Amino acid sequence: MKIDILSLFPEMFEGVLNSSILRKAQEKNAVQYRVTDFREFTENKHKKVDDYPYGGGAGMVLTPQPIFDAVESLKGDTNAPRIVLMCPQGEPLTQGKAEQLSKEEHLILVCGHYEGYDERIREHLATDEISIGDYVLTGGELAAMVVVDSVTRLLPGVLGNAESPERDSFSSGLLEHPHYTRPADFRGLKVPDVLLSGDHAKIQKWREEKSLNRTIERRPDLLSEEVRLMQENKENQ
Ligand code: JBK
């Protein structure tokens with residue numbers, strides 16, 4: 001997979017793309033990242049990429065020209081890349097959305113700043129708009145890093161069996177059960193007996209129960225989503 005990132009602050013990506021799993025994914029040739037500063041594409045003599053909003057008001061708006069030209073230059077020989085705008089008005093990022101994007105050949109992620117994008121970028125260039133949550137960020141860069149991370153770890157060959165993505169929270173639809181490792185007694189704090197019992201059926205049952213209880217307490221919204229998905233599956237059979 002090829003992942004292009006368009007940003008006015010390309011240096012923000014260096015640490016993230018060159019550490020841990022994302023670094024390994026590149027070394028294994030599972031993914032190729034390329035970060036491009038779209039200011040390099042502006043035809044404005046002062047290298048401006050934003051301008052005042054028509055109709056007045058505070059804040060600046062990203063102009064279409066540099067972003068259209070940058071995206072067009074990156075399309076290259078891959079067919080139909082997904083062009084994703086990072087923005088608070090976008091579709092919420094979910095594990096399902098990450099799975100969908102991980103099946104693409106080429107993603108172009110666009111990181112906005114200022115008050116936002118000229119509407120023609122949304123309507124005539126972007127194929128997707130994604131939000132990572134309902135809070136205010138300085139720009140789309142951190143959001144793009146979240147998308148890159150969640151997509152890259154799903155690519156074939158990136159994770160080993162031990163860390164296989166099917167076992168993570170949200171893939172099962174439930175939160176994870178509690179985990180313990182050695183020592184069995186840490187400052188008098190004991191690991192639950194059942195985990196030391198060697199009875200694998202009992203351990204499995206305990207984990208399922210904890211997983212379900214934790215989801216009911218902390219994230220009941222995930223359960224209703226799971227019930228909805230099960231119903232949808234039944235109707236499609
Ligand atoms: C937010 O993806 N987002 O969620 C996002 C992108 C750019 C600015 C933002 O404030 N929330």
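Cys111 is buried, with a relative accessible area of 0%. It's a handy way into this predicted model, since Cys111 belongs to strand S6, where both faces are covered. From there we can look at the cysteines, the strands on either side of the pairing, the domains and the ligand site.

**Cysteines**
- Cys87 counts as buried too, at 7% relative accessibility.

**Strand S6 and its cover**
- S6 takes in residues 106-111 and is mostly covered, with 6 of its 6 residues buried.
- On one side sit His106, Ile108 and Val110, all buried.

**Who pairs with S6**
- Strand S1 (residues 2-7) runs parallel to S6, and 5 bridges join them.
- Within that pairing, Ile3 has Leu107 of S6 as its bridge partner.
- Strand S5 (residues 82-92) also pairs with S6 in the parallel sense, again over 5 bridges.
- Here the bridge partner of Val84 is Leu109 in S6.
- To get from S5 to S6, the chain passes through helix H4 (residues 95-102), making a right-handed β-α-β crossover.

**Domains**
- The protein chain splits into domain 1, covering 2-152, and domain 2, covering 172-236.
- How far apart are the C-alpha centres of domain 1 and domain 2? They lie 36 Å from each other.

**Ligand site**
- The ligand has 13 residues around it, and the closest are Ser131, Ile132, Tyr135, Leu137 and Ala143.
  - For Ile132, a polar backbone atom is 2.9 Å from an oxygen atom of the ligand.
  - For Tyr135, a polar backbone atom lies 2.8 Å from a ligand nitrogen atom.
  - For Leu137, the distance from a polar backbone atom to an oxygen atom of the ligand is 2.8 Å.

Terms used:
Residues numbered from 1 in each chain as written. Predicted model: local features only at pLDDT ≥ 70, side-chain atom pairs only at ≥ 80, totals over all residues. Heavy atoms only, no water. Buried < 20%, exposed > 50% of the residue type's maximum accessible area, 1.4 Å probe, protein only. Helix = DSSP H or I, 4+ residues; strand = E, 2+ residues; numbered from the N terminus. Pairing = 2+ DSSP bridges. Right-handed = clockwise from strand over helix to strand, strands pointing away. Domains from an automatic or database assignment. Near = heavy atom within 4 Å. Polar contact = N/O pair within 3.5 Å; in protein donor to acceptor, adjacent residues only side chain to side chain.
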